[in-house]
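Here's a quick briefing on the model you have open. Have a look at the fold, then read on.

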Amino acid sequence: MRRRQFVTALGATGLLGATGSAGAHSDAAASRLGGGVENVIVLIGDGMGFDPIEVTSVVHGDLSLQSMTGVGYTRTSSRSGEVTDSAAAGTALATGHKAYNGQLSVRGDADDDDPTPLLTQLELAQARGKATGLVSTTRITHATPAAYASHVPDRDMEEAIAAQYAESDVDVLMGGGRREFDDALLERMRESGYEVLFDAADLESASGDRLLGLFDDSHVTYTLDRDESIPSLPEMTATAVDRLEEDDDGFFLLVEGGRIDHAEHGNDVQTTVAETEEFDAVVDWALEYAENRDDTLVVVTSDHETGGLATGSGYGSPIEAEAIRNAEASNAAIAAAIEAGTPIREAVDGRVDVDLTDEDVERIADARGAEGPYALSNELGAVLSDHLGVSWASNVHTGPAQTVMAAGPHVDPFNGWIHHTDLSVTVAALLLFGRLPRVSDARRDSWERRIARTGPSSRLDAWLALEYVGPVTDDVTDALDVDGNGVVDYRDVLLILENREDIPAPSSEAGRRRESISSVHDF
């Protein structure tokens, strides 16, 4: 079997290194399994590969996330192959399981209409009595946040995701996506105790313990195009933590800089940089929050890379940092102005400091009549990137590993290769147990024989079960699959740990909306 690999830098004192070794049943080890980390803040820059970080640092100076302890590199492949989408990547990060592209926190075949729901990190935190929150600049029903609190076979089922949120007991939900919540659903959520917020003024005056913030009809407007009626991602994060930290048992919070990815799909360098800078402001806020505490873990990563941005299009110093820094609009906004009748040169010159050639203008004009809703903005991305000194590989996701940074208790420097699923079980282990003890590899075989023979029963068994999160493949994983649903997931770990049967199983929406995965932009 392929066991999950704990990230040794995030709290496991020699538990699982590059060899994937681990120990077994030991009273001494069990006695060292302490309480978990009180607060967990997971920050995901959607699509934020190495180069967006580097280009943003060229434009704005070193980022806060670049000051963090390096934890390693996380591979992103899904069950569909080497290039994941955000749904499968979010599922891996939230549950420790690989999924097919498009699936959200379920396990099943790619065309399975009734897959098995998987307990997520957020639901694990809820089961331990913690307050929970989801914050994003995408629709709050979009793939990454939805992976932490919903279970559907197709990410396009956003109405179903919104309905599941109403039953989820997540304390704070903030982002865009007003269009996914009809009046009846909003009323249900108000009756459940949510204060519903629609703009920055609502956020500033909010007084409820539970908050549903829907700050745009679809995704939250890009930073470059946003007016003061829409709160920033750091403002949403600070308000979320203000509510969540009132819980004596701690909290779990997922914050996504979701529109980094969208800008990269359009090869829009100035917007990529602006969205990455805003995400880094959240990192800075979280690091400051955790700095003088010994109970808060901050994990920063990306779910995948988008667009294949290259730091520079030539030798020397090709990046036009000042022009990128002073840009006043996204390419989507420039395209909208052109479509509305603004001459091309005027639309560009008034928003980005570049000198278009006659050939540039002709290319943009030709794209205006091309098929596809993003043809014009994509061509603007290609033309402006040439002038701004960067280049791109594509308009879709790419497959390289992403970096992981962390701060807080039990975080030490580390340099290694893992997978999103390994990162997930490491965070889950810290949430439940805190720093993990060193155990002997020599006892692994005897522990597995005992588990296969008598089943799991102890706190140590629950901890070791995290290494086997995944499908049932043999006698050991069959024994660890306490609820008998064909997978070892975080619910099985809880059932073993708490030795009770009343832990609710996550529910999934019956049926599948048979549509292709929505456009990579989906603005």
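This is a predicted model: local features need pLDDT of at least 70, side-chain atom pairs count only at pLDDT 80 or more; totals for chains, interfaces and linings use all residues.

Residues are numbered from 1 along each chain as its sequence is written, and side-chain values use heavy atoms, with hydrogens and water left out.

**Overall fold**

- The chain has 21 helices and 16 strands; these are DSSP runs numbered from the N terminus, with helices being H or I of at least four residues and strands being E of at least two.
- With a radius of gyration of 23 Å, close to the 24 Å that the globule rule gives for 523 residues, the chain is as compact as a globular protein of that length. The radius is taken over C-alpha atoms, and the rule is 2.2 Å times the number of residues to the power 0.38.
- Along the principal axes, the C-alpha atoms fill a box of roughly 75 × 55 × 45 Å.
- Of the 523 residues, 60% are buried (buried is under 20% relative accessible area, exposed is over 50%, and partly exposed is in between, with a 1.4 Å probe and protein chains only).
- Take the contacts in the chain with a separation of 6 or more: 76% of them join residues 24 or more positions apart. Contact here means heavy atoms within 4.5 Å.

**Nonpolar cores**

- In soluble globular proteins, nonpolar side chains tend to be buried together.
- A nonpolar core is a set of buried Ala, Val, Leu, Ile, Met, Phe, Trp, Tyr and Cys residues joined through side-chain atoms within 4.5 Å.
- The largest nonpolar core holds 78 residues, and Leu134, Tyr148 and Phe181 touch the most other members. Helix H17 (residues 420-433) gives the most to this core, with nine residues.
- A second, separate core has 38 residues, including Met68, Met174, Leu233 and Val282.
- Beyond its neighbours within four places in sequence, Leu134 is in contact with a set of residues that includes Leu122, Ile140, Tyr148, Tyr165, Met174 and Leu253.

**The largest pocket**

- The largest pocket has a volume of about 390 Å³. A volume is the space filled by probe spheres set on grid points, which are joined across faces, edges and corners.
- On a 1 Å grid over the protein atoms alone, a pocket is an open set of points with protein on both sides within 12 Å along at least five of seven lines, whereas a cavity is a set of points where a 1.4 Å probe fits but cannot get out; lining residues have an atom within 4 Å of a point.
- Which residues lie nearest the centre of the largest pocket? They are Glu123, Gln126, Glu167, Ser168 and Pro506, out of 20 lining residues.
- Helix H4 (121-127) and helix H6 (158-166) each supply at least two residues of this lining, and H4 gives the most, with four residues.
- The lining divides into eleven nonpolar, five polar and four charged residues. Ala, Val, Leu, Ile, Met, Phe, Trp, Tyr, Cys and Pro count as nonpolar, Asp, Glu, Lys and Arg as charged, and the others, Gly among them, as polar.

**Helix H21**

- Helix H21 (residues 490-498) is mostly covered, with eight of its nine residues buried. Among them are Tyr490, Arg491, Asp492 and Leu497.
- The buried residues of H21 pack against helix H3 (86-95), H4, H17, helix H19 (459-465), helix H20 (475-480) and strand S16 (487-488).

**Single residues worth a click**

- Ser105 is in the loop between H3 and strand S3 (106-107). Ser105 is not a glycine, yet it has a positive phi of about 50 degrees, and it counts as buried at 0% relative accessibility.
- Asn267 sits in the loop between helix H10 (259-265) and H11. Its phi is near 55 degrees, a positive value in a residue other than glycine.
- Ser394 lies in the loop between helix H16 (375-388) and strand S12 (397-398). Leaving aside neighbours within four places in sequence, Ser394 is in contact with Asn267 and Gly307.
- Arg107 is in strand S3 and counts as buried at 17% relative accessibility. Not counting residues up to four places away in sequence, Arg107 touches several residues, among them Arg79, His97, Lys98 and Val487.
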